[in-house]
Amino acid sequence: LLFATSKGLSAWDGQGFVKSKLVETMSGRYVWPIYRDPKGPLWFGDWHSGGLWRYDGKEVTPVPGLTNIVQSLRRATNGTMWIGTQQGLFIFNGTNVVRHSINDTPVTQRSRRGAGGTVVSIDSLSKTWIYNIQEDSNGVMWFSTREGLFRYDGKECRQLSETDGFPRNVYPFYCDPKGFFWFGQWPGSDMVLTHFDGISFVNYG
């Protein structure tokens, strides 16, 4: 077992805490988040200083191209490695971390209102704070951000905000086996649990 702390990693082998190259490399870092890649590696962020590390079971290596603070990671079923940071959305291309496509045209000039949110460019995720990333059973990517909830199916990106019933200050969220979403909020917020069936939001609490 691995435990992420503000001073590094701790490893438990079932009988006690043990030292390892991984533990030594991450010593002194505020380790968060930890993500186990379905393809094998472990990924670690540094909440204090930024950056990303990859552990293949033998070597711990910093991932080139990223100095931002990582908030969330998710390997999509199509193989894309999504990385959400406090400064926008990135992807890992197999060698480096690169910012997801940037278009400096204001989002308001190319967005339109439609059923199920506002259709916007995926570029609108390039500079906002990405809180969490999930994938539903249809392979659609969902991003909770400072600007609301975004849904991206690989072709079209839709933004859902308070106007659509999406709660403020959402951080943790989970896609259950039925494909429904459950949203929690940052500590100090309204502390409402929200259920989303793909059409409407229902608040509890």
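This is a predicted model: local features need pLDDT of at least 70, side-chain atom pairs count only at pLDDT 80 or more; totals for chains, interfaces and linings use all residues.

Which residues form one aromatic cluster?

1. **The aromatic cluster.** The cluster in question is formed by W142, F173, F181, F183, F196 and F201. Aromatic pairs number 14 in the structure. One of them joins F173 and F181, whose rings are tilted at 40° between the planes, with 5.8 Å from centre to centre. Another joins F181 and F183: the ring centres are 6.1 Å apart and the planes meet at 25°, so this pair is stacked.

2. Are F173 and F181 buried or exposed? Both F173 and F181 are buried. For F181 the relative accessible area is 2%, and F183 is likewise classed as buried, at 1% relative accessibility. F181 therefore takes part in a tilted pair with F173 and in a stacked pair with F183.

3. **The strand β5.** Strand β5 covers residues 42-46, and five of its five residues are buried, so the strand is largely enclosed by the rest of the structure. In a regular strand, side chains alternate between the two faces of the sheet. In β5, L42, F44 and D46 lie on one side, W43 and G45 lie on the other, and all are buried, which leaves both faces covered.

4. **The neighbours of β5.** Strand β4 (residues 31-36) runs antiparallel to β5 and is joined to it by four bridges. Within this pairing, Y35 stands opposite W43. Strand β6 (residues 52-55) is also antiparallel to β5, again through four bridges, and here G45 stands opposite L52.

5. **The two turns.** Which residue in the turn between β4 and β5 has a positive phi? The residue is G40, with a phi of about 125°, in a hairpin that has five residues between its strands. The hairpin of β5 and β6 also has five residues between its strands, and G50 in that turn has a positive phi of about 85°.

6. **Salt bridge from β5.** The structure holds four salt bridges. In one of them the side chain of D46 meets that of R29, at 3.2 Å from N to O. D46 belongs to strand β5 and R29 to the loop between α1 and β4, so the pair ties together parts 17 residues apart in sequence. D46 is buried, at 2% relative accessibility, whereas R29 is partly exposed, at 26%.

7. **Further salt bridges.** K21 and E59 form a salt bridge in which the closest N and O atoms are 2.8 Å apart. K21 lies in helix α1 (residues 21-25) and E59 in the loop between β6 and β7, so this contact ties together parts that are 38 residues apart in sequence. K21 is partly exposed, at 45% relative accessibility, and E59 is also partly exposed, at 39%. E156 and R158 form a salt bridge as well, with 2.9 Å between the closest N and O atoms. Here E156 is partly exposed, with a relative accessible area of 24%, while R158 counts as buried, at 17%.

8. Four bridges connect β1 with β2 (residues 8-12), and A4 stands opposite L9 in β2.

9. **A nonpolar surface patch.** L1, F3, W12 and F17 make a nonpolar surface patch of about 450 Å². L1 is located in the segment before β1 and is exposed, with a relative accessible area of 67%.

10. **Cysteines.** How many disulfides does the structure hold? The number is zero. A disulfide is a covalent bond between the sulfur atoms of two cysteines. Both C157, at 3% relative accessibility, and C175, with a relative accessible area of 13%, are buried.

11. **Strand β7.** P62 is placed in strand β7 (residues 60-62) and is exposed, with a relative accessible area of 53%. The C-alpha atoms of P62 and N96 are separated by 10.0 Å, the two residues being 34 residues apart along the chain.

Methods:
Residues are numbered from 1 along each chain as its sequence is written. Side-chain values use heavy atoms; hydrogens and water are left out. Rings of Phe, Tyr and Trp (its six-membered ring) pair if their centres lie within 6.5 Å; planes under 30 degrees apart count as stacked, over 60 as edge-to-face and the rest as tilted. Buried means under 20% relative accessible area, exposed over 50%, partly exposed in between (1.4 Å probe, protein chains only). Two strands pair if DSSP finds at least two bridges between them. Patches are made of residues with over 30% relative accessible area and no salt bridge: like charges are joined within 9 Å, nonpolar side chains (Val, Leu, Ile, Met, Phe, Trp, Tyr) within 5 Å. Accessible areas come from the Shrake-Rupley method with a 1.4 Å probe; for residues, only the protein chains shown count as cover. A disulfide is a pair of cysteine sulfur atoms within 2.5 Å.
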